[in-house]
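Please open the model in the viewer and follow the selections below in order.

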Amino acid sequence: MSWLWAIIVGLVLGLIAKAILPGKQQIPLWLTIVFGMLGSVLGNAVATWIGVNDTRGIDWTRHLLQLIGAVAVVGVGDMVWAALKGNRQRA
């Protein structure tokens, strides 16, 4: 069940990150999910590092850090994907 939850969170965070980033991203949906999952892991690591990973109630700071991580990973991943595919043009 934890893998299913990670995929769902990766999809949601990846899609939100793509919506936040300006322009059209060239990455496919499966890569958006992977990058969203990596961003979530990165955000959790930062939340643990600063000590806000487990609070009472809703962990808004952790969720915000996960979203920031997803935006960063999707942005960098899209640039790498475009460079590998040779599609440097942005819409």
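Begin with Trp30, which is exposed at a relative accessible area of 52%; here exposed means over 50%, buried under 20% and partly exposed in between, with a 1.4 Å probe and protein chains only. The model is a predicted one, in which local features need pLDDT of at least 70 and side-chain atom pairs count only at pLDDT 80 or more, while totals for chains, interfaces and linings use all residues. Residues are numbered from 1 along each chain as its sequence is written, and side-chain values use heavy atoms, with hydrogens and water left out.

The ring centres of Trp30 and Trp81 are 6.4 Å apart and their planes stand at 85°, so the pair is edge-to-face. Rings of Phe, Tyr and Trp (its six-membered ring) pair if their centres lie within 6.5 Å; planes under 30 degrees apart count as stacked, over 60 as edge-to-face and the rest as tilted. Because Trp30 belongs to helix H2 and Trp81 to helix H3 (residues 60–85), the pair ties together parts that are 51 residues apart in sequence. Helices are DSSP runs (H or I, at least four residues), numbered from the N terminus. One aromatic pair is counted by this rule.

Then move along helix H2 (residues 29–50) to Ser40. Ser40 is buried, its relative accessible area being 9%. With residues up to four places away in sequence not counted, Ser40 touches Val9, Leu13 and Gln66, contact meaning heavy atoms within 4.5 Å.

Finally, select Ile20 in helix H1 (residues 2–20). Ile20 is partly exposed, at 48% relative accessibility.

How values were computed
Helix = DSSP H or I, 4+ residues; strand = E, 2+ residues; numbered from the N terminus.
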